[in-house]
Amino acid sequence: MPPRLASLSRLVLRPSVATTTTKFPRSLKLRTAGMSSSAETQSDFQALRELGAKHITKGVGRVTEGIMVKGEGSYVYYDDGRKMLDFTCGIGVTNLGHANERISGAAAKQCMQLVHSQCSIAMNEPYLRLIQRLLPVMPHSSLDSFFFWNSGSEAVEASIKMARYLTGRQNVICMQGAYHGRTYGAMAVTKSKTIYSEFTGPWMPGVYSIPFPYWHHFNVPPSTPTSELVSQSLYQLDLLLVQQIAPKETACIIVESVLGEGGYVPAPPEFLKGLRQTCDKHGILLIIDEVQAGFGRASDGKGLFAIEESGVKPDIMVIAKGLGNGFPISGVISRRELTDRLKPGSMGGTYAGNAVCCAAAAEVLDVFREEKILDNIAVRSNQLFTSLRSVQSSPSLSPYILDVRGKGLMIAVEFASPTSTTSGVITDVGVVQGAPEKMASRVAKKCIEKGMLILTTSVYEVIRFIPPLNVSEEDVKKGVAIFEEAVSEVVREG
Ligand SMILES: Cc1ncc(COP(=O)(O)O)c(C=O)c1O
């Protein structure tokens with residue numbers, strides 16, 4: 001065998017490296033039950049880790065070392081036996097727990113029936129069953145026309161494409177701090193961190209941004225009343241429409257119902273109403289991005305979508321993440337009156353509305369209803385908010401915790417420490433003298449060391465809690481205890 005092939009076969013073709021289904025789960029079971037694994041499997045994993053280190057593009061960043069080999073409910077397991085409480089849900093995706101038996105079961109069943117039909121060739125049954133289940137839970141009954149795609153970014157791009165086509169206008173208004181994805185069109189309306197687009201321009205033209213009502217964006221104290229932030233943001237929108245882009249040349253405004261990668265800041269209902277009014281006045285379409293906040297993540301326990309609290313009607317709504325609980329599926333939803341004007345063939349994609357993903361997503365909605373997930377969100381949200389506020393009020397920590405905010409189980413804690421970015425230290429009114437530096441990333445690192453996966457968000461010092469929506473009382477308690485210990489240690493270390 002030529003030397004290159006021989007080394008490949010050592011790394012990839014060794015029978016015990018998970019290439020067969022029999023040996024791998026058995027050894028995994030031993031490890032996850034707390035028993036030591038066989039030396040053979042350990043060295044196989046070591047070889048795979050080295051392969052990953054060498055051959056996965058450096059463009060992907062990761063917060064943990066090692067190979068995630070199994071997920072079960074609120075926990076994930078690594079190749080070295082680590083068991084971690086997962087308060088990331090794969091960034092708001094596995095919201096009903098890892099490898100949810102009903103959802104994985106529905107997908108497995110569909111796998112044996114029909115995997116792929118291709119949307120331009122035929123409809124598939126799960127696609128239609130999914131629409132059947134989505135229709136009654138839409139935030140507004142006018143949202144009755146569906147297009148399914150694979151990722152949030154693709155859905156965002158489809159929504160912008162639709163808006164431009166339907167209005168015959170080019171300009172797009174997005175929010176400072178927004179995150180809508182990393183493909184070209186989605187990246188153009190992403191304004192949360194420069195890392196996502198640096199040195200890759202020119203980007204999609206016709207994109208303008210206004211500040212989202214978050215106190216940082218105006219460099220005013222965190223105590224600034226929300227109404228003031230809202231009127232500042234809406235004023236900037238008005239200015240934009242008289243100084244830079246004429247309303248009659250503006251296709252859409254795109255906004256997240258909860259600013260996700262920009263700091264976990266819920267859009268105030270008055271802001272959303274203001275955007276709606278401006279859109280109505282000028283014939284601009286309002287696109288609501290519920291990719292991260294949707295499907296109960298930022299629910300008040302009543303509906304599935306964060307926009308519902310405001311009563312605002314989106315012209316187009318974009319969904320993904322929790323919709324498939326890990327199966328890649330996204331959606332663009334609008335009203336027939338608009339989508340009936342699209343030309344057949346203008347929307348589509350090889351895997352758009354894949355039958356297996358649609359079957360999984362239809363089951364997600366059944367689980368929500370039958371297992372009363374919204375009730376659990378309301379109770380656990382209350383528990384998590386109360387516990388985090390109690391951590392915030394502890395005398396030794398309170399000077400360093402600026403804010404506990406969010407909605408449902410999309411909750412953030414913001415620290416008062418200075419933020420270092422690639423362009424220097426951002427010093428603004430949120431910084432408290434003497435607060436430890438880089439608190440969010442240091443706290444997250446400690447939480448991970450202590451057995452809980454957790455993420456930071458935004459260019460500010462923010463930790464985000466994204467627990468499963470069916471998380472237990474005990475696991476919320478455990479997560480908060482780990483977090484409190486981590487914050488206390490960082491404060492002690494200074
Ligand atoms: C609000 C929002 N929109 C769009 C996206 C992009 O989705 P995807 O990563 O599936 O392309 C994300 C991803 O985090 C998101 O949070």
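1. In β10 (285-289), Leu285, Ile287 and Asp289 point one way, Leu286 and Ile288 point the other, and all are buried. Buried here means 20 or more other C-beta atoms within 10 Å of the residue's own, with C-beta atoms placed from the backbone. Strands are DSSP runs of E, at least two residues long, numbered from the N terminus. Since five of the five residues are buried, β10 is largely enclosed by the rest of the structure.

2. Before going on, note that this is a predicted model: local features need pLDDT of at least 70, side-chain atom pairs count only at pLDDT 80 or more, and totals for chains, interfaces and linings use all residues. Residues are numbered from 1 along each chain as its sequence is written.

3. On the pairing of β10: strand β7 (residues 250-256) runs parallel to β10, joined by five bridges, with isoleucine 253 opposite leucine 286. β11 also pairs with β10 in the parallel sense, over three bridges, and there valine 318 is the bridge partner of aspartate 289. Strands count as paired if DSSP finds at least two bridges between them.

4. Have a look at phenylalanine 295, in the loop between β10 and β11 (316-319). Its phi is positive, about 55°, although it is not a glycine. Phenylalanine 295 is buried, with 30 other C-beta atoms within 10 Å.

5. Tyrosine 264 also deserves a look: its phi is positive, about 55°, and it sits in the loop between β8 (258-259) and β9 (265-266). Tyrosine 264 is buried, with 28 other C-beta atoms within 10 Å.

Methods:
Helix = DSSP H or I, 4+ residues; strand = E, 2+ residues; numbered from the N terminus. Buried ≥ 20, exposed ≤ 12 C-beta atoms within 10 Å, placed from the backbone.
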